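Subject: Structure handover

Hi,

Here is the structure we discussed.

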Amino acid sequence: MKKIYLILALLLHVGLASAQWSVSPEVGLSVLRHNGQFDDWRPAIKIGAAVEYGLKPNFSIESGLFYTQRGYSMAGWVSNENWPQALLERPSLVRHMFQVPVMGRFAFDVTDDIRLFVGAGPYIGFYFANDWKQTFQYRNANAGDVFDWGFTFMTGLEFGRFYVRVAYDMALGGEPHGVALNYNVGTLSVGYKF
(Lines give C-alpha, C1' and ligand atoms only; values in the text may rest on other atoms or scores of the structure.)
Protein backbone atom coordinates (compact mmCIF):
# COMPACT_ATOMS: atom_id res chain seq x y z
CA MET A 1 0.00 0.00 0.00
CA LYS A 2 2.87 2.36 0.77
CA LYS A 3 4.26 1.76 -2.73
CA ILE A 4 0.96 2.87 -4.28
CA TYR A 5 0.98 6.10 -2.23
CA LEU A 6 4.60 6.71 -3.19
CA ILE A 7 3.85 6.20 -6.91
CA LEU A 8 0.80 8.49 -6.73
CA ALA A 9 2.82 11.19 -4.94
CA LEU A 10 5.58 10.92 -7.55
CA LEU A 11 3.08 11.19 -10.43
CA LEU A 12 1.43 14.20 -8.79
CA HIS A 13 4.82 15.87 -8.30
CA VAL A 14 5.80 15.30 -11.94
CA GLY A 15 2.40 16.62 -13.10
CA LEU A 16 2.67 19.75 -10.97
CA ALA A 17 6.26 20.42 -12.01
CA SER A 18 5.40 20.24 -15.71
CA ALA A 19 2.29 22.42 -15.46
CA GLN A 20 2.40 26.07 -16.51
CA TRP A 21 0.93 28.86 -14.36
CA SER A 22 -0.21 32.29 -15.52
CA VAL A 23 -1.90 35.20 -13.76
CA SER A 24 -4.03 37.61 -15.78
CA PRO A 25 -5.40 40.90 -14.46
CA GLU A 26 -8.72 41.62 -16.15
CA VAL A 27 -11.27 44.43 -16.36
CA GLY A 28 -14.68 44.25 -17.98
CA LEU A 29 -18.09 45.77 -18.47
CA SER A 30 -21.15 43.64 -17.78
CA VAL A 31 -24.83 43.85 -18.56
CA LEU A 32 -27.17 41.99 -16.27
CA ARG A 33 -30.83 41.24 -16.00
CA HIS A 34 -32.68 40.07 -12.91
CA ASN A 35 -35.36 37.53 -13.75
CA GLY A 36 -38.57 38.43 -12.01
CA GLN A 37 -40.82 41.41 -11.67
CA PHE A 38 -37.94 43.85 -11.95
CA ASP A 39 -36.40 45.95 -14.69
CA ASP A 40 -34.47 45.09 -17.84
CA TRP A 41 -30.74 45.02 -18.58
CA ARG A 42 -28.44 47.27 -16.55
CA PRO A 43 -24.66 47.88 -16.53
CA ALA A 44 -22.14 46.58 -14.01
CA ILE A 45 -18.38 46.16 -13.75
CA LYS A 46 -16.12 43.15 -13.31
CA ILE A 47 -12.52 43.51 -12.12
CA GLY A 48 -10.09 40.88 -10.91
CA ALA A 49 -7.44 38.39 -11.87
CA ALA A 50 -7.67 35.00 -13.52
CA VAL A 51 -5.23 32.24 -12.61
CA GLU A 52 -4.62 29.59 -15.26
CA TYR A 53 -3.03 26.21 -14.62
CA GLY A 54 -1.96 24.57 -17.89
CA LEU A 55 -2.23 20.79 -17.82
CA LYS A 56 -1.77 20.09 -21.56
CA PRO A 57 -0.86 22.33 -24.52
CA ASN A 58 -4.54 22.91 -25.35
CA PHE A 59 -6.22 22.36 -21.96
CA SER A 60 -6.00 24.21 -18.66
CA ILE A 61 -7.96 24.88 -15.49
CA GLU A 62 -8.81 28.54 -14.91
CA SER A 63 -9.91 30.12 -11.65
CA GLY A 64 -9.38 33.52 -10.08
CA LEU A 65 -10.94 36.17 -7.89
CA PHE A 66 -13.23 38.89 -9.27
CA TYR A 67 -15.24 41.78 -7.91
CA THR A 68 -18.57 42.13 -9.69
CA GLN A 69 -22.11 43.36 -9.12
CA ARG A 70 -25.70 42.19 -9.26
CA GLY A 71 -28.88 44.18 -8.68
CA TYR A 72 -32.14 45.58 -9.99
CA SER A 73 -34.59 48.49 -9.84
CA MET A 74 -38.18 48.13 -8.75
CA ALA A 75 -40.53 48.15 -11.74
CA GLY A 76 -43.16 50.59 -10.47
CA TRP A 77 -43.66 53.54 -8.20
CA VAL A 78 -44.04 52.70 -4.53
CA SER A 79 -47.25 53.81 -2.89
CA ASN A 80 -47.64 53.21 0.83
CA GLU A 81 -49.95 55.32 2.99
CA ASN A 82 -47.95 54.38 6.10
CA TRP A 83 -44.79 55.91 4.62
CA PRO A 84 -45.71 59.27 3.03
CA GLN A 85 -42.08 59.99 2.13
CA ALA A 86 -42.05 56.78 0.04
CA LEU A 87 -44.78 57.84 -2.37
CA LEU A 88 -42.35 58.75 -5.15
CA GLU A 89 -39.67 56.14 -4.53
CA ARG A 90 -38.17 53.98 -7.26
CA PRO A 91 -35.88 51.72 -5.21
CA SER A 92 -32.83 50.16 -6.79
CA LEU A 93 -30.35 47.69 -5.37
CA VAL A 94 -26.68 47.12 -6.17
CA ARG A 95 -25.21 43.97 -4.62
CA HIS A 96 -21.39 43.85 -4.40
CA MET A 97 -19.87 40.39 -4.78
CA PHE A 98 -16.59 38.50 -4.87
CA GLN A 99 -16.74 35.69 -7.41
CA VAL A 100 -14.51 32.61 -7.80
CA PRO A 101 -15.01 30.61 -11.03
CA VAL A 102 -13.44 27.21 -11.77
CA MET A 103 -13.49 26.42 -15.48
CA GLY A 104 -12.08 23.92 -17.90
CA ARG A 105 -10.42 25.92 -20.69
CA PHE A 106 -9.55 24.75 -24.21
CA ALA A 107 -7.31 26.83 -26.52
CA PHE A 108 -6.61 26.44 -30.23
CA ASP A 109 -4.07 28.18 -32.48
CA VAL A 110 -5.68 30.33 -35.17
CA THR A 111 -2.40 31.86 -36.40
CA ASP A 112 1.10 32.08 -34.91
CA ASP A 113 0.06 35.02 -32.68
CA ILE A 114 -3.67 34.43 -32.19
CA ARG A 115 -5.36 31.71 -30.11
CA LEU A 116 -9.06 31.00 -29.73
CA PHE A 117 -10.21 29.77 -26.32
CA VAL A 118 -13.46 28.47 -24.86
CA GLY A 119 -14.32 27.42 -21.33
CA ALA A 120 -17.08 26.52 -18.93
CA GLY A 121 -17.56 25.64 -15.29
CA PRO A 122 -19.21 26.55 -12.00
CA TYR A 123 -18.64 29.62 -9.86
CA ILE A 124 -19.31 30.56 -6.27
CA GLY A 125 -19.89 34.10 -5.05
CA PHE A 126 -20.00 35.94 -1.75
CA TYR A 127 -22.06 39.14 -1.39
CA PHE A 128 -20.29 41.50 0.98
CA ALA A 129 -22.48 44.64 0.65
CA ASN A 130 -25.97 45.63 -0.46
CA ASP A 131 -26.53 49.22 -1.52
CA TRP A 132 -30.18 50.35 -1.69
CA LYS A 133 -30.66 53.65 -3.56
CA GLN A 134 -33.59 56.05 -3.97
CA THR A 135 -35.52 54.54 -1.11
CA PHE A 136 -36.50 55.07 2.47
CA GLN A 137 -38.95 52.20 2.78
CA TYR A 138 -36.56 49.48 1.49
CA ARG A 139 -33.32 50.73 3.04
CA ASN A 140 -33.14 47.71 5.41
CA ALA A 141 -34.94 45.19 3.18
CA ASN A 142 -33.66 41.65 2.75
CA ALA A 143 -31.65 41.58 -0.49
CA GLY A 144 -31.15 37.82 -0.53
CA ASP A 145 -28.64 35.21 0.54
CA VAL A 146 -24.99 35.96 1.23
CA PHE A 147 -23.76 33.15 -1.04
CA ASP A 148 -24.39 32.91 -4.76
CA TRP A 149 -23.53 30.17 -7.23
CA GLY A 150 -24.04 29.34 -10.86
CA PHE A 151 -22.27 28.52 -14.10
CA THR A 152 -19.94 30.52 -16.34
CA PHE A 153 -19.38 30.07 -20.08
CA MET A 154 -16.75 32.02 -22.01
CA THR A 155 -14.94 32.39 -25.29
CA GLY A 156 -12.28 34.77 -26.51
CA LEU A 157 -9.11 35.50 -28.43
CA GLU A 158 -5.52 35.83 -27.23
CA PHE A 159 -3.26 38.25 -29.11
CA GLY A 160 0.19 37.43 -27.75
CA ARG A 161 -0.19 38.16 -24.04
CA PHE A 162 -3.33 40.31 -24.38
CA TYR A 163 -6.78 38.78 -24.59
CA VAL A 164 -10.41 39.72 -25.10
CA ARG A 165 -13.17 37.54 -23.74
CA VAL A 166 -16.96 37.37 -23.80
CA ALA A 167 -18.55 35.53 -20.86
CA TYR A 168 -22.02 34.59 -19.72
CA ASP A 169 -22.94 33.91 -16.07
CA MET A 170 -26.06 31.98 -15.24
CA ALA A 171 -26.72 32.85 -11.56
CA LEU A 172 -28.77 30.22 -9.76
CA GLY A 173 -28.40 31.24 -6.10
CA GLY A 174 -28.26 34.34 -3.95
CA GLU A 175 -31.99 35.05 -3.80
CA PRO A 176 -34.41 34.53 -0.91
CA HIS A 177 -36.79 32.40 -3.02
CA GLY A 178 -34.26 29.62 -3.61
CA VAL A 179 -32.63 27.99 -6.63
CA ALA A 180 -33.73 29.45 -9.96
CA LEU A 181 -32.27 31.33 -12.91
CA ASN A 182 -32.01 34.58 -10.94
CA TYR A 183 -29.66 36.60 -13.15
CA ASN A 184 -28.39 36.54 -16.73
CA VAL A 185 -25.04 38.33 -16.95
CA GLY A 186 -23.00 39.03 -20.08
CA THR A 187 -19.46 40.44 -19.80
CA LEU A 188 -16.95 41.82 -22.28
CA SER A 189 -13.48 42.05 -20.73
CA VAL A 190 -9.83 42.55 -21.59
CA GLY A 191 -6.78 41.21 -19.80
CA TYR A 192 -3.04 40.62 -19.90
CA LYS A 193 -1.31 37.31 -19.15
CA PHE A 194 1.85 37.32 -17.04
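Buried means under 20% relative accessible area, exposed over 50%, and partly exposed in between (1.4 Å probe, protein chains only). By that rule Tyr 163 is buried, at 3%. Phe 117 is buried too, at 0%.

Two notes on method. This is a predicted model, where local features need pLDDT of at least 70, side-chain atom pairs count only at pLDDT 80 or more, and totals for chains, interfaces and linings use all residues. Residues are numbered from 1 along each chain as its sequence is written, and side-chain values use heavy atoms, with hydrogens and water left out.

Aromatic pairs: rings of Phe, Tyr and Trp (its six-membered ring) pair if their centres lie within 6.5 Å; planes under 30 degrees apart are stacked, over 60 edge-to-face, the rest tilted. The count is 11. Phe 117 and Tyr 163 are edge-to-face, because their planes stand at 80°, with centres 6.2 Å apart. This pair links distant parts of the chain, 46 residues apart: Phe 117 lies in strand 6 and Tyr 163 in strand 8 (residues 162-171). (Strands are DSSP runs of E, at least two residues, numbered from the N terminus.) Tyr 192 and Phe 194 also pair edge-to-face, with centres 4.9 Å apart and planes at 75°. Here Tyr 192 is partly exposed at 27%, while Phe 194 is exposed at 59%. Ring pairs also join Tyr 67, Phe 98 and Phe 128 in a cluster.

Charges over rings (NZ of Lys or CZ of Arg within 6 Å of the ring centre and within 35 degrees of the ring normal): Arg 105 sits over Phe 117, 4.1 Å from the ring centre. Lys 46 sits over Phe 66, at 5.1 Å.

Best wishes

Conventions:
Helices (H or I, at least four residues) and strands (E, at least two) are DSSP runs, numbered from the N terminus.
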